Each structure stands twice: as structure tokens, then as C-alpha cells.
Amino acid sequence: MMPSQVARWLFAALAGLLLLSIWLSLALGPVNLPLADTLHALFGLSGLGAPASPQAELIVGQIRLPRTLLGLMVGAVLALTGVAMQGLFRNPLADPGLIGVASGAALGAALVIVGMSRWMTLPAAIEPYVLSAAAFAGGLLVTGLVYRLGRRDGQTQVATMLLAGVALTALAGAVIGLMTYLADDATLRALTFWNLGSLNGASYARLWPLLLVALGVALWLPRRADVLNALLLGESEARHLGFDIEQVKRELILCTALGVGAAVAAAGLIGFVGLVVPHLMRLLVGPDHRLLLPASALAGGALLLFADLAARLLVAPAEMPIGIVTALIGAPFFLYLLIRSRH
Amino acid sequence: MRREYTLAGLCAGLLLSLDALAEPLPQRWVSAGGAATEWVVELGGEPRLVGVDTTSQHPASLQALPSVGYQRQLSAEGVLTLTPDLLLGTEEMGPPPVLDQLRSAGVRIEQLSAASDLAALEDNLQRLGALLGEPQRAQAAVDDFRQRLDELQRQIAALPAEAPGVLLLIGQGGSNPLVAGRGTVAEWLLQRAGARNLAQHEGYKTLSSEALAALDADWLVVTDRQLRGAEMQQALLAQNPALASSRVVREGHLLSLDPTLLTGGLGPRLPATLEQLARTFYPDLQPLSADAR
């Protein structure tokens, strides 16, 4: 076990990193706001100081703050559920997409994006909400199916569930392919961009549902650290240690489906965070889930905020899909750690 | 009687000028949408443009302007860095939450119609004319557009020749070209140039090269995002060998078309393109009269 002194330092460092990422996410953007204006706007928003200039207030309060909150929530939830899935499946390659929630969400989104352009028209103002709702529902539906298929005689077979996840992902992929085929040029681009994720256009109205779900997941998952530790020994060993494994599986899967479903509904598919952050943190804090879960939540939020900064600054005044950035930052760093830890 | 008219005219003039005082014309424009941007330039608004999207590629001088990205994926803060008074686009512009944010930042947002019909074009140009303070020039552009199309229509109708069967392909380096079907700008273009679109499906679809050959078109109009002219033809035939022996290729009836013509509704370059296409389809077509050219 890691000496608690080192763990304490590590958490201090992670918290510092997260605070830095939040500050930068609020202070930096394509519009060059002086530092004083940003501070002023923040104090104004929290009701402490006099209101700032309308321009600064709008940019910090209506554009950057919801975006920062969205990034934090999405990053933390993806990383936490990544830890949960890797623990449940005892498979380092597991990520939240394994139980079909991501492909289900993508299916829901594809049906709405293509369906709206071909068969019905909705007022542009409610389009994003319908899209989010469909993605969320799609994620829950496919995950529910995966879970059902994995059950036999009151037992959940993890291996069967994994295969069912693969099969249903393929099936969802086929339907998405059909939608891609039916799509016109513009719809195709909308679909592609959705699949790369973005925190662009975050607003409070779309933030609240995710905020509630994410807080639930972030508060609840760390309480299951002991069971996840026991699962490291193996399923039957964990059962012998007195844990109700079936109950735990159900809870972990529900948690992942809700969390990832809400994250994907709000920001599109953002790859890599759920896979890489848990690994990174395992290399730093070790396999103990009591440390791993909170560390992953902090690091996931920070990574997503840094990635979003790059996404909005690199090609300003245009913007890059954040999924590209997370993979570009995440993959080489992950490789570096892998190579280093082997020596 | 006459005096009353003068008085009414004066009043109207006063009202108009008051109106103009009340709402100054937007000076800094960001334009998203290929055809909309082309019209802004056509109506003399290019000096007001401070940014364009990735679909606004014509004329080439626009490429020196900052790009705000793809029209459906605008970034609120990104657009705000250009401090625009007006964001012009079509109903394809978005995402909607970003448009709301921009609106609350005081940016005026105007969404034109991307439909390919003359009524939509007329409405678009009237709005553009008002925004630019050039209503007469915009109206003249509409009338000219309409007149050139009508003239072409009239001349084609007068010819005894039968309408040629044509396919319009949108390619990417020659591979898997999409064939323009019903309800597309491309089909509108073909019909206005006096051709019959042989494709019966809705929207744009890929057809197998066998199906392409079987449709036995009189002409193929190809718009490729990468290649032009002979290179395009070579790539297309290399990817679709069944076409090589077809009648249309043996007769050399392949035409190349600028792909930026087909984005975001009817643009100002369409009449000239139509006349050119029509003259290729109907070699007997009279040169168009001077005022319609």
C-alpha cells in the first residue's frame, strides 16, 4: 500500500491541477479579457462585488462558466465510470463504452439527427434538447439490453455481458451506418461532429440534469471502493468476503449507464477519458479504489478542461471537436507512462 | 392634388430617414453559408466582412479573412472575438444555443433561406439589400437573375431538340461519387439548363458503377472536391471501370462543375453556369442577348 504521506501530496497536487484548470478555463478564451475583468465578473456573479461590464459578465457568466462546469462534470463522470467498469470486468481494456451505453447514445443521436432532417421538423430551439434526450434514452436502452442478456438463473455473467455488449455495439453500428447512408451532406457533418464531442454551446438549462446525475455518481461510486477492491481478487472471493455481488453489479452498471448517458447527451461522444484516466491514476496511486476513484474524478475533470482550452484556442475564432484533443493529449502521454513503468 | 403628393412624399422621405437614423446599418459582418456570402460580395458588401465560415470559399479573396469554422458548429466566443454587428447565415447555421448566446451579446442574427427556389432567393436578396442599405441594387440583382433564367428557358423551349438525359455526380477524388437525385440544388440546376435528371432517388446517393452505366446518360456533369477536368475524368474512370465503355464516355460527354456552386442555396454565379451548361447540351442555342449576358 502507498504510504499515506505520499497519497496526501498526490491529492494536493491533483486538486491544485484541477483548480488551475478551472481558473484557466474561466480566464482564457478567444476573447481576450483582462484578468481584472474576469475577476470582477466572477465576483459580480457570486453577488460579492459590483456588477462587471456586460460584455465580461456575459462571456464569463454565460459562456465560460457553464462550459467549465460541463467539462468538469463530463470529465469526472467518464473517469469514474471508467474505473468502475475496469473494476467490474477486471479488464484493463474496459471503458464505459463496453456495456453499450456509448453506442446506444450514438444510435439515439443518429436517429434524431437524420430523422429530423428527413421526416420531421422541430423548432430549432428545442432540437438540442430532443437530441440530448434521445442520446440518453438510447444509452440506457442498449445498456439495459446488455444487462438482461448477461443474466442467467439470477446470476450476471460478466463474460456473457461483455460479448452481448460487443454484439449490440455492432448492431447499433449497423443502424448508425444505415442512418449515415440516408443522411444528406449537411446531416452527415452534424453526425460526424457529434461523434467527436464538444463542450460548445453549453448553457445552464442543459447543464442541470447532468449536474444532478454527475453529483450522484461522484458521491456514490467512491462508497463502493471496498467492493471494487474485493472484486480485484475475483468474483467468488469477493462473494466469500461477504459482499452481495449481484447487487453491486446492478448498481455499477446503472451508475455507468446514467452517468455516461447524461455526459454523452450533454457533450457528445468524448473518447479516451474513460479509458486512459483510470490507467494513469492507477500508475500514480496504485490499485486501491479508495484512492483511485477520487483521484480519477479530479484528473478526469482537469484533463477535460485542459483539452477544451486547446479545442477553443488552437483554431480560434473557429473551434475544434474536443474528442480530437483528448485523444491527441491522452494517447501519447499514456504511451509514455506505459514505457516508463516497464523500466 | 400634386402638392399633396409632394407632401406625402416628403413625409415618407422623412420617415425613412428617421428609420435609418433609428437603426444604423450593421458595419461588421460575419457571414456563414456559401451562397449568402457570395451575394454579400456581389452586392458590394465585401469590405464589411470581418469573418466567414468554411463553406464560404468564393471569391478567393475571402480566404484571407478569419475562419469561424463550419456553419453548424460556430463558437460563441470565437465569433465574438471579431466583434461583429451582424452574423449572417442560412437556417443551417448553428448550434442554436450558440446563436442564443450571440444574440444576448448583442450580435444581430439574420438567417436566410437555403432553399433553391426563386421566391426564397428574392426574399433573401431583399433582406440583404436592406441590411446593406442597397435595396435597389439587390432588387436589380433579383430581376437580372430571374430575367436570365427566363430568357434561357424561353430559348430552350423554342428548340426542337429533345431534352438530354443527364446525371450529376459529386465525387471525392473520383471514388464512390454521389449521384444527385430529386429535390437537390443539383437537380434544379440540371432542369434549368434544359436537361432531364435520370436519377430517380431522393437526395444524394452512391450508385454502383454498373447502375451508373445502365442509366445510359447523354451527359455526365461531375463536380469533384479535389480534381478538375482531365484529371477528374481519369480518376473517375479508374474507379468506375464499367463507365469507361459507356456511350457517354466514348462520346466524351463529361463536364466539370465547380463544387462551391452547390452549397447553401442559389448563388450569384448560377445564371452564367446554367447558360454554359445549356449551350453544351444544345449546341444550336443562340448566343444570349446582350442585356441578358
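The model is predicted: local features need pLDDT of at least 70, side-chain atom pairs count only at pLDDT 80 or more, and totals for chains, interfaces and linings use all residues. Residues are numbered from 1 along each chain as its sequence is written, and chains are lettered from A in the order in which they are written.

**Chain A**
- Chain A has 14 helices and two strands (DSSP runs numbered from the N terminus; helices are H or I of at least four residues, strands E of at least two).
- Of the 343 residues in chain A, 51% are buried (20 or more other C-beta atoms within 10 Å of the residue's own, with C-beta atoms placed from the backbone).

**Strand β9 of chain B**
- Strand β9(B), residues 219-224, is largely enclosed by the rest of the structure because six of its six residues are buried.
- On one side the buried residues are B:W219, B:V221 and B:T223, and on the other B:L220, B:V222 and B:D224.
- Strand β5(B), residues 165-172, pairs with β9(B) in the parallel sense over six bridges (pairing requires at least two DSSP bridges), and B:L167 stands opposite B:L220.
- Strand β10(B), residues 254-256, runs parallel to β9(B) and is joined to it by three bridges; B:S256 is the bridge partner of B:V222.

Key:
Buried ≥ 20, exposed ≤ 12 C-beta atoms within 10 Å, placed from the backbone.
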